[in-house]
Amino acid sequence: GNVLTLAILCAVFLAFQRGHRWVALLVPLFVAHLALTQHRASWMGLGASVVFVAIAWRVRAKGASITSGIRFSIAAFVLVTVVLGAAGVTALAARSGRGAPLDSSLLLRYNSFYGASRMIADHPFLGIGPDNYRILNVQYWTPYEQEHFARDRMQNEHPHNEFLAAAISAGIPGLLLYVLILARGFTAGLAMYLGESEKALRRFGLACAAFFLVFAVDGTMGFNLYAPASGGLMFLVLGLHDGVHAGSRISRRGPSRGLQIAIAGSVVIAGTGAALAATVFASQIYLARGHSAMYWKSHRAAAEQFDRASRLTPWDWMPTYYAARARAAAGDLRGALNSLTVSLRCNPRYIPSLLDAAVVEFDMATTEPPTASPDVLDAARAYSIEVQKLCPQMPEAEDVLGRVALLEAERRRANPGDSPAIRRRLAQEAIDRFARAIAYGAVNVPELAALQDKARESLSTP
């Protein structure tokens, strides 16, 4: 949807250029594909561009100067947008009884906006760094997001708003810089349209202004800058716009200073980025090989491939997580726990790693003799409790905690010196936790029911 919106704008612009009229044939195709995506923010962006183009055309027809034309165009656009928005909210409220759409997809976005705002409030100046939202957003989940993850095992890896994402990654200064880039591209394009005498330059300026407007509107409900295709297209248009504007009649740019240094710095950054991307791509190849080995039940070979992927991207928690699953399937519980420890060092809030660590710790505790200290179960209990802090409705956490309580009750029975009251309390805790696991949607209901019966038997045994 993000790319299709920009493609429609580019196609419309080219259709007005001599020698490229045939591109108009692609516009209906792009629009049809956009309709299939059901990407509402894109339609909002296209609608905003139509309104803006109509206003800008009218302002230029009146012969306004560049400065007053820009001011009037922006003021008129804001006024018309507010009026149309109010009309839309009123119509929606009259039809559905509420002034905003509340389907599950948008509800998840609304909740992610709230969590992202809290994250920005906690880190307003420097942010949390690029792409760290995937790690830290879990602790900012609302109850709705917690329930969504517990039910569907899906979480947002992006706040679905590029302005919030800029503030999260680089703080409020980063947000202001992003807004400045879009605003500068928009106003410079509008200035070209209002001030240039050559028709081709006017059309190019208007198209660029509409492009940056659509990009901003679309970015309020998506991640068009984060997506490589649409983000790359934005920077390409930004460079074209800068070059054309610099040579236009209205440009007031002076001689460039430090251009060679800027170019050298850009080359270094681009080279570093390319090398990093190549490393990540190689890691993805090893991950794919590991998944293939897991499919054929070759667990040790899979673990080896996942380890290779991890060595290429040591900051990524997923290769070591998959390696842990491969080692656990091969029966190497100690190796699985070591891999999970590395995974959790990269991302301490990755719930699947925490759950697997709890399961592995519990399985290792079951190999201890019946007379072993109940303390061997503490690690499994601690991992499960950490999961519950992040997502209280996780059935797997209740499952593990129930098994821990039941096993501890059985082991305390083997120790004549332990209090019967403690054993009964643990047995009752196991019954309650298994019941909650079933209520939260556990898939192994028959097994949990059998464990409940075992706990009831333990509860009634002196």
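Start at the largest pocket of this predicted model: select Pro130, Asp131, Asn132, Ser169 and Tyr226, which lie nearest its centre among the 34 residues of the lining. The space here has a volume of about 990 Å³.

Next, colour the elements that give two or more residues to this lining: helix 6 (133-136), helix 8, helix 10 and helix 11 (259-295). Helix 8 has the largest share, with 10 residues. If you colour the lining by class, you will find 21 nonpolar, 8 polar and 5 charged residues.

Now stay with two of those helices. Select residues 162-195 for helix 8 and residues 228-246 for helix 10; they pack at an angle of about 45 degrees, and their axes are 11 Å apart. That angle makes helix 8 oblique to helix 10. The crossing of the two is left-handed. To see where they touch, show Ile181, Arg184, Gly185, Ala188, Gly189 and Met192 on helix 8, then Leu238, His241, Val244 and His245 on helix 10. Which classes of residue meet in this contact? There are 5 nonpolar, 4 polar and 1 charged.

For the last stop, go to the second largest pocket, which holds about 840 Å³ of space. Select Arg40, Ala41, Met44, Pro101 and Met221, the closest to its centre of the 26 lining residues. Helix 3 (40-61), helix 4 (66-96) and helix 5 (104-122) each bring at least two residues to this lining. Which of these helices gives the most? Helix 4 does, with 8 residues.

Note on methods. Residues are numbered from 1 along each chain as its sequence is written. This is a predicted model: local features need pLDDT of at least 70, side-chain atom pairs count only at pLDDT 80 or more; totals for chains, interfaces and linings use all residues. Side-chain values use heavy atoms; hydrogens and water are left out. Axes are lines fitted to C-alpha atoms, for helices over the stretch in contact, and angles run from 0 to 180 degrees between N-to-C directions. Helices (H or I, at least four residues) and strands (E, at least two) are DSSP runs, numbered from the N terminus. Angles under 35 degrees count as roughly parallel, over 145 as roughly antiparallel, 65 to 115 as roughly perpendicular and the rest as oblique. A crossing is left-handed if the near helix is turned anticlockwise from the far one by less than a right angle, and right-handed if clockwise. Contact means heavy atoms within 4.5 Å. Ala, Val, Leu, Ile, Met, Phe, Trp, Tyr, Cys and Pro count as nonpolar, Asp, Glu, Lys and Arg as charged, and the others, Gly among them, as polar. On a 1 Å grid over the protein atoms alone, a cavity is a set of points where a 1.4 Å probe fits but cannot get out, and a pocket is an open set with protein on both sides within 12 Å along at least five of seven lines; lining residues have an atom within 4 Å of a point. Grid points are joined across faces, edges and corners, and a volume is the space filled by probe spheres set on the points.
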